[in-house]
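Please read this briefing alongside the sequence and the coordinates. It moves from the whole chain to single residues.

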Amino acid sequence: TGGNQSEMLSTAMKLMPLMNKCNRDDDTTRLLHSLRPLLSHDRQKKLDEAIKMLRIMKIIPLIREFNLE
């Protein structure tokens, strides 16, 4: 329905800045990226997963701030 679509669009518009903010590197992720070439292939995979988890952890407070729970 039209109301549902406008609500979804509104939510998407709120999420866009959050996603952009969370995808930016901070000091921690820059440090982890700089260590990547020094690690074995298996540890590089683990490092990539850790970076993904850090980004997810940054999203949670932002979602609460925008009441998107």
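This is a predicted model: local features need pLDDT of at least 70, side-chain atom pairs count only at pLDDT 80 or more; totals for chains, interfaces and linings use all residues.

Residues are numbered from 1 along each chain as its sequence is written, and side-chain values use heavy atoms, with hydrogens and water left out.

**Confidence**

- The mean pLDDT (the predictor's confidence in each residue, from 0 to 100) is 83 for the chain, and 88% of its residues reach 70 or more.
- Among the elements of the chain, the lowest mean pLDDT, 75, belongs to helix α1 (residues 2-23), whereas α2 has the highest, 94.

**Fold and contacts**

- The chain has 3 helices and 0 strands, where helices (H or I, at least four residues) and strands (E, at least two) are DSSP runs numbered from the N terminus, and its pattern along the sequence is α-α-α.
- Taking contact to mean heavy atoms within 4.5 Å, 59% of the contacts between residues at least 6 apart in sequence join residues at least 24 apart.

**Surface**

- Of the 69 residues, 13% count as buried, a term that means under 20% relative accessible area, as against over 50% for exposed and in between for partly exposed (1.4 Å probe, protein chains only).
- The accessible surface of the chain, from the Shrake-Rupley method with a 1.4 Å probe and, for residues, only the protein chains shown as cover, comes to about 5700 Å², and 59% of it belongs to carbon and sulfur atoms.

- Thr 29 is placed in helix α2 and counts as buried at 2% relative accessibility; leaving out residues up to four places away in sequence, Thr 29 touches Ile 51 and Leu 54.
- A polar atom of the Thr 29 side chain lies 2.8 Å from the backbone nitrogen of Asp 26.
- Gln 44, in helix α3 (residues 41-65), is buried with a relative accessible area of 15%, and, apart from neighbours within four places in sequence, Gln 44 is in contact with Arg 36, Pro 37 and Leu 39.

Notes:
A polar contact is a pair of N or O atoms within 3.5 Å; within protein, one must be able to donate a hydrogen and the other to accept it, and residues adjacent in sequence count only if both atoms are side-chain atoms.
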